[in-house]
Amino acid sequence: MRSSSSNQHIVNFGRSRQTPPLSLLLLCFVCVVVIIVVLGSTSSKSLEGLDTSAIPDYYNNYRRLKEQAVSDFLEIRSLSLGITNTREFELCGKDRENHVPCYNVSANLLAGFHDGEEFDRHCEVSSVGQRCLVRPPKDYKIPLRWPAGKDIIWSGNVKITKDQFLSSGSMTKRLMLLEENQIAFHSEDGMNIDGVKDYSRQVAEMIGLGSDAEFRQAGVQTVLDIGCGFGSFGAHLLSLNLMTVCIAAYEVFGSQVQLALERGLPAMIGDFISKQLPYPSLSFDMVHCAQCGITWDKKDGAFLIEVDRLLKPGGYFVTVSTPLEEFTESICWSLLAQQEETFVWQKTSDVQCYASRKEGGSTPPICKADFDGQSYYQPLRSCLSGTTSKRWIPIQNRSAGSHLSSAELEVHGKYRSETECFCEFRVPVLVPTNVNPPGPLLYLNNIQGWSEQYLGIQPDDFQEDTELWRSALRNYWSLLTPLIFSDHPKRPGDEDPLPPFNMIRNVMDMNAHYGGLNVALLEEKKSAWVMNVVPIRSANTLSIILDRGFAGVLHDWCEPFPTYPRTYDMLHANGLLTYFKSENCEVSDLFLEMDRILRPEGWVVLRDKFQAIEKARSLATQIRWEARVIELQNDNDQRLLVCQKPFWKK
C-alpha cells in the first residue's frame, strides 16, 4: 500500500537527520495531495459526498488516484491523532469454523441449566475465549447469486454431513437432493403431494381465501416461521412478497437456521424454551409451526401465551399439533378450520373479549404493566400483554406496504411525565407549533398529578428520514459498483459469472432507526432483504419497523448476534460507533463479531463522526479488512468507511 510506503519514508528520513515536527510533515503532505488532486481531476470538484439534508450523488467517476491520495492523507492525520495500527488479529482454529457464541451446552449444564434450558442462549456463562478471526471451512465457496442461490447451495459452506442428511425426515429428503458438492432444493414443479405450494394454498383456503396470492389482501404481511426446517415454506412466501422470518433452536449439526441463511432467506436462532423472543408485543400477522417439535400445552400454556404476545390482533396461528381448544378459548382465540392434522387459529381483534372471560382456573390474567420495553430475552410470562397498547389495530385494517399513515404513526408515541402540577381536569394544553418540528401536545392529568408530554412521531420527520435514505442508497451503490465490477478483488474459482450481477442478497442494518434503508432497497428493486436491528438502549423503534412489514429484532451489541458465521453479505450502520461509546464494551469485540457474521468478500458500510471513523479504520486494519474512508461533502464532522472482508483460502 502507498500508505505503508509513506510511513516507511518518514522513518528512513528520521534516521539520517533530526525528525521534523509532525505538523510540518502533515503540512507538506497536504500540499502534495492538493497538487495531485488538482492536476488529476477534470472537474472542479474533489471527492463528492453526502449531505444529511439533501445528499447528492458522489463517486460517480471512479478515480483511483484521488481516492488513494485522500486515503494517504487520512492515514497521516490519524497518526497525528494518536491512532496507530496495532497487530492484526490471529485466525481461529478449525474448531471455531461454525462457532456461535452464547450457545455452550457444556458450560450451561455446569451452570445448573437443565430441562432444555441448556440449549438456550446464555451469554452470561459463556467464556470470552480466544479473540480471533473465524475462518471459513476448507471447501467454502462464495454463494451462488440469486435466484439460483435460493435453490442450490454449496455443501461445504454448511455443517451438515451426508449421514445427517440421509437420517433426516422423508419430507426433508423430498425437498432436498445431496449431490457431489451441492445441496439442491426442489423447485416443486410437478409436486402434487405434500408440496409446499399445495400446503400454502391449503392454509389460505382454511383462512377463507381463494389462493395464497391473497394473503396480503387478508392483512398478512409478516410471518414468523418456528422450526422452519430448511426454509422451503419461507422461500415460497417470500416469492409472494411476504416477509417470513425463520427461527429455530441452536443446533450443533445440520442447523436449520444456517441452511436457511445460506440460501439467502431471513433466519435467526431463537426458541421457546424459557425466554421471550426479542420482539415487542403485536409484531407478526401470522405465526407458523409445522412439526416444530414444541409441546404447546407445557408450562401451563406459557408457549401459547408467548405466541399470543407476538401476534397482532386478528392474526393467525397455523400449527400441525394436537387440539388446544380449552386453553385457546381462554386467550380469546377461535378455531377457523382443521384439515387432518393442520389447525388454523385466529387471535381476536376485539379487545373487549378479555374482559368477558371467566376468571380463575387456567384463564391467564392480563399483565398489569406493558413489558414491551423489556422484551429482550426476558423470562416467559403467564399473563397476556399488548391488550392496552395503542397499536391494537386489527391486521385487516392496516395499510398495505411500508408507508404508514399519519394515524398509524401516531400510535407509536409515548406519554412521559414532565413536571408536577395540581390539576382538576385532564385537558389538552396547546403547545406552540411555530417551530420545526412542531411542538407536541401536553395533557394535564389530575389522577397522577403530573403533566404528560406526548412523544409522537412527526410525519414530516418520518418522510424526511425516508427521503434521506433514498438518496443515500443511490450513493452507496455508485460507490460499491466500481468495486464490485472492477478487478478489486478477483473472485476465486472458475464459476465466476460475468458482470453485471448483484452478489448482495441480504443486508444487516445494525442501527436501523425507522427502517429507511430497507424502504430505499425495496423502491430501487434491489433483490436483497434487510435484518433491521434496533439496539436495546436506543430509541425503541422496532414496532414501527415491524408494522412496515420488515424483518427486525432487538439486540444488545455488547453481546454476539444469534446467528451462525458467514451469514450476511453486507453490514450497514449509521451512528452506531458513536452510540457504542456510551456502552461499557470493547469496540474491538464488536468488530470481531461483525467479521464473524460477514461472509467472505462481504461489505461493511459505516457512517459516523470523524474520530469514530478514524478509530474504526484502525480496527478494520487489525481485522484485515480492506478499508477506504470517504469524506462527505458539506459535513466536516462525518465520514463514510467502506470495507470489504477478504476471502482467506486455506
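**Close-up 1. Packing of helix α8 against helix α9 in the predicted model.** Helix α8 (residues 196-207) packs with helix α9 (residues 232-239) at an angle of about 70 degrees, their axes lying 10 Å apart (axes are lines fitted to C-alpha atoms over the stretch in contact, with angles from 0 to 180 degrees between N-to-C directions). The two helices, α8 and α9, are therefore roughly perpendicular to each other (65 to 115 degrees), and α8 passes α9 in a right-handed crossing. In α8, the residues V196, K197, Y199 and S200 meet S232, F233, H236 and L237 of α9 (contact means heavy atoms within 4.5 Å). This is a predicted model, in which local features need pLDDT of at least 70 and side-chain atom pairs count only at pLDDT 80 or more. Residues are numbered from 1 along each chain as its sequence is written, and side-chain values use heavy atoms, without hydrogens and water.

Close-up 2. Helix α18 (residues 587-597) is mostly covered, with nine of its 11 residues buried (under 20% relative accessible area, with a 1.4 Å probe and protein chains only). These buried residues are S588, L590, F591, L592, E593, M594, D595, R596 and I597, and they pack against β15 (506-509), β18 (568-574), α17 (576-581), β19 (598-609) and α19 (610-622).

**Close-up 3. Contact of helix α18 with helix α19.** The angle between α18 and α19 is about 55 degrees, and their axes are 10 Å apart. V587, S588 and F591 of α18 make the contact with A616, L619 and A620 of α19.

Key: Helices (H or I, at least four residues) and strands (E, at least two) are DSSP runs, numbered from the N terminus. Angles under 35 degrees count as roughly parallel, over 145 as roughly antiparallel, 65 to 115 as roughly perpendicular and the rest as oblique. A crossing is left-handed if the near helix is turned anticlockwise from the far one by less than a right angle, and right-handed if clockwise. Buried means under 20% relative accessible area, exposed over 50%, partly exposed in between (1.4 Å probe, protein chains only).
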